[in-house]
Structures are given as C-alpha cells and as structure tokens.
Amino acid sequence: MKDEFDLIAKLLQKRPPVDKSVEVDVGDDAAVYRPGLGMSQVITCDTMVESVHFSEQTMAPEDIGWKGIASNVSDIVAMGGIPKHAVISLAAPEVWEEESLLRFYDGLGAGAKHFGVTILGGDTVRSMKGLVVTITLVGEVERDCSLRRSNARPGDIVFVTGPLGGSAAGLHLLLREDTSEWIVRYPSLVAFHQRPYPHIEAGRVLSTLGERVAANDVSDGLGREAREIAEASGVRLVIEPSLIPISPETVAYGAEIGVNPLQWAFDGGEDYQLVGTLPAQSWERLLHLAKEKEVSFTQIGWVEEGEVGVYCIDEGKRSLLSYKGYNHFA
Ligand SMILES: Nc1ncnc2c1ncn2[C@@H]1O[C@H](COP(=O)(O)OP(=O)(O)O)[C@@H](O)[C@H]1O
Ligand SMILES: Cc1ncc(C[n+]2csc(CCOP(=O)(O)OP(=O)(O)O)c2C)c(N)n1
Ligand SMILES: [Mg+2]
Ligand SMILES: [Mg+2]
Ligand SMILES: [Mg+2]
C-alpha cells in the first residue's frame with residue numbers, strides 16, 4: 001500500500017452498494033442519509049480489540065470483519081430495529097499488512113451485504129499495538145415499538161431465540177494446543193464463535209407484535225443479560241436450566257472434556273441470540289408468526305414479583321443464579 005488513502009480506496013471496493021436513502025456517500029467530511037418516514041432512529045456501537053475479542057488463533061481476518069458487523073446488528077435486533085448504515089473505525093498496527101486488512105474488509109463487506117447494512121464511512125489510523133475495530137451502526141424502528149429491557153412484568157414468559165453456549169465452546173476449542181483435530185470434529189462450534197448470525201426477523205416479529213416486549217442480546221452470557229432485564233424492570237426472572245436450548249455438538253464437546261455446557265450458556269457470551277420476555281397471552285400468537293418467518297422462540301422460564309434478580313429452578317428448588325457473565329474489568 002502507498003499510504004492510508006490508497007488503503008482506504010482499496011477497502012472501499014469491498015463494501016456493498018449504497019441505496020437511495022443515502023444523500024452523501026463516502027468521500028465527504030461526513031455522510032448524509034434520509035431516515036425512513038415515521039421511523040425512530042436506533043444507534044449502537046461496539047468495539048473489538050485484538051487479544052481481548054480475538055487473536056490469531058481464534059479468528060481469521062475475514063471472521064473479525066463479519067463478527068464486527070454481526071455484533072452491532074445484534075444490538076439493533078435487540079431493540080427490534082432494522083439495521084441500516086455503519087461507520088467503521090480502524091486502528092491498525094504495522095504488522096497488519098494490506099493483505100490482512102483487505103481480508104478483514106472482505107468479511108466486513110460480506111456481513112454488511114448479508115445483514116443489509118451500507119458502509120457510509122469510517123476512520124483509519126495507526127495503532128502501536130493490536131488491531132482495534134469500532135463500528136457504529138444506525139438502524140430504525142417504528143415509533144414507540146422498541147424492545148426495552150424495562151418491559152418485563154410478573155406473569156410474562158421468558159424466552160430465547162436460539163441455542164446458547166456454542167460460541168464459548170468454540171472459543172474453548174480454538175484455544176487448545178491440539179486445536180486442529182478438534183476443529184474437524186466440531187466445525188459447528190467454530191462457526192458459532194467466528195460467524196454469529198443474529199436474526200433480524202426475530203427482533204422484527206417482536207417489535208411489530210404490538211405488545212409489551214423486553215429483549216437483550218446475549219453478548220455477555222445469559223446470566224448477565226437476564227439480570228439486566230430483571231434489574232431494569234424491577235422483577236424476578238425464573239429460569240429452568242433444562243429448557244435452555246443447547247446444540248448437540250456443544251453438549252457432546254462438553255461431555256467429552258468434562259464441562260457442563262450450561263456454564264457456557266450462562267457465562268460464555270457472544271451467542272448473539274435474544275433473551276426476552278412477553279405477556280403469556282401473546283405467546284401462541286408469537287409462535288404462529290415466528291413459524292411464518294422461520295425464526296424460533298423457546299420458553300426458558302417466567303417472570304415473578306419479588307426480590308430483583310435471576311433465579312434458577314431445579315427439581316422444584318430455587319436458587320439465586322450464581323453465574324456472572326463476561327466482565328471486561330472484573
Ligand atoms: N464509554 C461509554 N460512553 C457512553 N455510554 C456507554 C459507554 N460504554 C457503554 N455505554 C452504554 O452503556 C450501556 C451498556 O453497554 P454494553 O454493556 O456494552 O451494551 P451491549 O452489551 O448491549 O453492547 C449501553 O447503553 C451503552 O451505550
Ligand atoms: C481471544 C479471546 N479471548 C476471550 C474472548 C471472550 N470474550 C471477549 S469479549 C466477550 C464478551 C463480549 O464482548 P463485549 O465487548 O462485552 O460486547 P458487548 O456486550 O459490549 O456487546 C467475550 C465472551 C474472545 N472472544 N476471544
Ligand atoms: Mg457494548
Ligand atoms: Mg446488547
Ligand atoms: Mg453489544
């Protein structure tokens with residue numbers, strides 16, 4: 001690469017085409033886009049740091065790009081929104097040469113295309129150590145229809161949208177010394193970790209239901225995300241661990257190495273499914289709509305009055321959840 005500007009020009013060739021809601025594209029001081037009529041804007045931002053969110057051993061450059069987009073899409077989905085436009089901040093050390101950065105953008109472009117996101121700009125700077133990627137994503141949702149963490153009420157059903165724990169199992173496998181033989185045996189776990197697929201339609205079914213729905217995406221582990229709903233709503237969530245969907249490969253890998261896969265589900269994170277609550281009388285209607293949209297919802301518990309927190313119920317016995325979830329500063 002000649003310089004930063006030459007690199008940016010090459011990276012931009014990897015992005016999907018922009019739509020007509022974009023008034024000013026990349027190439028000016030800032031981009032300008034037109035929000036949908038009658039829609040509220042949703043905005044989120046997530047960062048990925050080398051050695052914290054990924055390493056050479058766990059993710060190829062393409063995977064980092066895909067997961068960067070997916071983790072931001074996941075937060076828009078957790079509000080019930082449609083992801084729209086992103087800006088990408090890239091801080092790259094010298095060891096990240098042009099070829100690797102272009103591969104990173106291949107994954108980013110593929111993710112953006114898959115989730116219907118346009119890339120309207122960014123910033124490219126030198127980092128002294130480690131790649132740092134920060135993505136800001138805007139989306140939109142119908143006015144007053146967003147899925148708030150504070151929406152849970154006693155009597156609601158607690159649900160998740162898909163299998164949990166697979167990403168943490170995949171990370172465990174990728175960090176092994178003898179990783180290559182395990183990758184062949186458990187490819188789905190590697191995919192859970194490297195290529196998450198937040199379901200835009202799952203969030204959309206919930207936000208267009210015309211009901212009071214709470215939701216949170218599982219980036220830090222089910223325990224942590226459920227607790228955030230309980231705290232924001234001032235209620236108690238009761239979870240039946242035996243109802244938590246866990247993929248057969250996650251169960252098999254856990255059994256082989258002596259780890260309870262529930263620990264990955266509660267504490268692992270990066271699954272990018274939703275955990276949420278909604279009134280019990282709307283459950284059957286949700287399942288009916290979900291079937292049409294090919295998204296899945298599984299009940300894992302219910303909401304009660306009482307001391308705020310998350311409780312697990314096992315053979316009729318309740319205990320306060322001891323799982324903590326991922327914490328950057330713990
Ligand atoms: N440095 C910051 N400045 C302002 N707000 C922040 C900062 N870091 C996090 N937040 C806000 O705190 C809340 C929790 O953040 P986080 O746990 O990262 O969300 P999520 O897990 O959904 O990505 C979010 O509303 C986020 O926007
Ligand atoms: C090399 C490596 N070590 C550890 C992890 C595990 N890990 C890193 S960050 C994280 C939680 C999610 O990241 P965060 O920045 O908290 O996402 P947010 O909740 O803000 O969306 C997890 C489980 C990983 N993905 N890769
Ligand atoms: Mg965050
Ligand atoms: Mg979130
Ligand atoms: Mg997030």
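Predicted model: local features only at pLDDT ≥ 70, side-chain atom pairs only at ≥ 80, totals over all residues.
Reader: Hi! Which residues does UniProt give as "binding site" here?

Author: The unreviewed UniProt entry places that feature at Asp46 and Asp75. They are spread over 30 residues of sequence, yet they cluster in space, with a largest C-alpha distance of 8.9 Å.

Reader: Thanks! Where is Asp46, and what does it touch?

Author: Asp46 is in strand 3, residues 39–49. Not counting residues up to four places away in sequence, Asp46 touches Ser71, Asn72, Asp75 and Ile135.

Reader: Buried or exposed?

Author: Asp46 counts as buried because 20 other C-beta atoms lie within 10 Å, and the cut-off for buried is 20 or more.

Reader: And Asp75, where is that one?

Author: Asp75 is in helix 2. Asp75 is buried too, with 22 other C-beta atoms within 10 Å. Leaving aside neighbours within four places in sequence, its contacts are Thr44, Asp46 and Asp217.

Reader: New topic: helix 3. What span should its 18 residues have?

Author: Helix 3 covers residues 98–115, so at 1.5 Å a residue it should span 26 Å. Its end C-alpha atoms are 25 Å apart, which agrees.

Reader: Nice. Which of its residues are buried?

Author: In helix 3, the buried ones are Leu101, Phe104, Tyr105, Gly107, Leu108, Gly109, Gly111, Ala112 and Phe115.

Reader: What do they pack against?

Author: The buried residues of helix 3 pack against helix 1 (4–12), helix 2 (61–77), strand 4 (82–92), strand 5 (118–126) and helix 7 (200–207).

Terms used: Residues numbered from 1 in each chain as written. Chains lettered and ligands numbered in written order. Helix = DSSP H or I, 4+ residues; strand = E, 2+ residues; numbered from the N terminus. Expected span 1.5 Å × (residues − 1). Buried ≥ 20, exposed ≤ 12 C-beta atoms within 10 Å, placed from the backbone. Contact = placed C-beta atoms within 7 Å. UniProt positions renumbered as here; feature names shortened; annotations may be inferred.
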